[in-house]
Amino acid sequence: MSTLVIAEHDNNSLKASTLNTVAAAQALGGDIDILVAGANCDAAAAAAAAVPGIGKVLLADNAAYEHQLAENVSLLIAEAAANYDNILAPATVSCKNIMPRVAALLDVGQISDIIAVDSADTFQRPIYAGNVIATVQSADAKKVITVRTTAYDGVPAEGGSAAIEALDSVHDAGLSTFVGEEVAESDRPELTSADVVISGGRGMQNGENFKLLEGIADKLNAAIGASRAAVDAGFVPNDMQVGQTGKIVAPDLYIAVGISGAIQHLAGMKDSKVIVAINKDEDAPIFQVADYGLVADLFEALPELESKI
Amino acid sequence: MKVLVAVKRVVDYNVKVRAKPDGSDVDLNNVKMAINPFCEIAVEEAVRLKEAGTASEVIAVSIGDKSCQEQIRTALALGADRGIQVDVENGVEPLVVAKLLKGVIDKEQPQLVILGKQSIDGDNNQTGQMLGALANMPQGTFASEVVVDGDKVSVTREVDGGLQTVRLSLPAIVTTDLRLNEPRYASLPNIMKAKKKQLDVYSAEDLGVTVRRHVSQVKVAPPAERQEGIKVADVDELVDKLKNEAKVIS
């Protein structure tokens, strides 16, 4: 059996989600190669080659792949898929965009967001916001799978020395162009890979009050998240959303502040190792999943917490 | 410009769904059903395009048994002009839904197809992208802004760390994210009017699609339960527990 892992990268370095996905590929067994598609992405390919246990790295370096446009990259992956039984990618925003397109090009189903491999064709995945775990079986000879990265500890990033093989074919569908992006600059760790996450909900009352989380985040080297309610209310941007339709996180410590604990939010954070909830409503459902609950006014508790950690 | 918008009938987002004790499937007896929230945003966006004079006609399509006509009527009450039901059993998987929608595209030739990014039952997040591949159309997924400009559409997308804008040739696929718009409520007169709007029913055969299973559900189970923790009295106790019991801060 052979598996092709699609690397998530920024052309310069490999994202941690790639290492989680290699771990899922190891659970499937067999040979593992990594595909790095991008532009001027030699450094990312070199990082992929350093991952232990990789057969080879396929490098597709072309302007058509620079911004991971799904129309172009999906054609490349579908072509490369000819030599593999499984195509695995992390269930990140970028790969969620690309992989179903690959599956349709190959006329196979996609198995999204797997959290466990039961056998070569049977997998577990959460449905209904994680309220139910479904065991699903694929009837397709070739399997296109995305991996919930929080379900797998990443493999080491260093120690291997796989060969890098350039792919020459260029796929430019000519359907789409990249115009630009607005990416918030932040010194904080990324939400999905941070060891500590502190999130605010509707109880924060407005976007300005999210500053109260920043001092604590700085001290704990934490990423800052938000509930859907806080995003819906316009307090903070959507890329901070933790939940069923936002980011799925599982840090060592998750601090939920002013978050009631709707099903949609719990779906995104309940696999965190330690959960702290701060809420003035002692009946808030968030306390049912919290290891440590503090019933308090967050406007008093947050400054005190910041001063004591 | 004709706009096709796909809607799905799902469990209402407030319902906490559970696995049946025998693990055969989820228990959906007597559960409230609704239009998938992201599909509602898709309908709203299509209707706004029509109100702005960009779209000439909005067609709402749903894939499922007769019960999904209820959600098509909801879309019609929100402002869609006519509906299409593709009559298949419920629970058809994303690839087949995409093939059926491709069949509808071939019949209707829309310039823009708007779908929700994901349905809150299967949580697959696949159909729009698959449809893009099958119809050889570009896609603007997880959209927070859609601007039609001649034979192109600019789509601002919610990506890691911020926003990305792509420019797509029409016809194109858009899938909606949360912040694209805030759907309106249907007024009573519009609900009444919706009952009289045209609703055509096609079979999979009409669209030349064979319904088959690629991925089947073997069983379902509840997730591992988290043990309920303790309440701490104050910030001092919280900090102490985190340092000395959980050992997650130093």
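I start with the second largest cavity, whose lining residues divide into eight nonpolar, three polar and one charged. Here Ala, Val, Leu, Ile, Met, Phe, Trp, Tyr, Cys and Pro count as nonpolar, Asp, Glu, Lys and Arg as charged, and the others, Gly among them, as polar. A cavity is, on a 1 Å grid over the protein atoms alone, a set of points where a 1.4 Å probe fits but cannot get out, and lining residues have an atom within 4 Å of a point.

Before going further, the conventions: this is a predicted model, in which local features need pLDDT of at least 70, side-chain atom pairs count only at pLDDT 80 or more, and totals for chains, interfaces and linings use all residues. Residues are numbered from 1 along each chain as its sequence is written, chains are lettered from A and ligands numbered from 1 in the order in which they are written, and side-chain values use heavy atoms, with hydrogens and water left out.

The lining of this second largest cavity includes Y128(A), Q244(A) and I263(A), as well as D12(B), Y13(B) and I120(B). The space in it is about 100 Å³, a volume being the space filled by probe spheres set on grid points joined across faces, edges and corners.

How many cavities of 30 Å³ or more does the structure hold? There are three. Of its 19 lining residues, D113(A), R148(A), Q244(A), Q118(B) and D123(B) are the closest to its centre. By class, that lining has six nonpolar, nine polar and four charged residues. Its largest share, three residues, comes from β5(A); helices (H or I, at least four residues) and strands (E, at least two) are DSSP runs, numbered from the N terminus.

I turn now to the sheet. Ten strands form an open sheet with mixed pairing, in the order β11(A)-β9(B)-β8(B)-β7(B)-β10(B)-β6(B)-β1(B)-β4(B)-β5(B)-β11(B); two strands pair if DSSP finds at least two bridges between them. The edge strands, each pairing on one side only, are β11 (176-183) of chain A and β11 (199-203) of chain B. Within the sheet, β7 (139-149) and β10 (172-176) of chain B pair in the parallel sense over three bridges, and G140(B) has V174(B) as its bridge partner in β10(B).

Finally, is A222(A) buried or exposed? A222(A) is buried, at a relative accessible area of 1%, where buried means under 20% and exposed over 50%, with partly exposed in between (1.4 Å probe, protein chains only).

Methods
1 Å grid on protein atoms, 1.4 Å probe; cavity = no way out; pocket = protein on both sides within 12 Å on 5 of 7 lines; lining within 4 Å.
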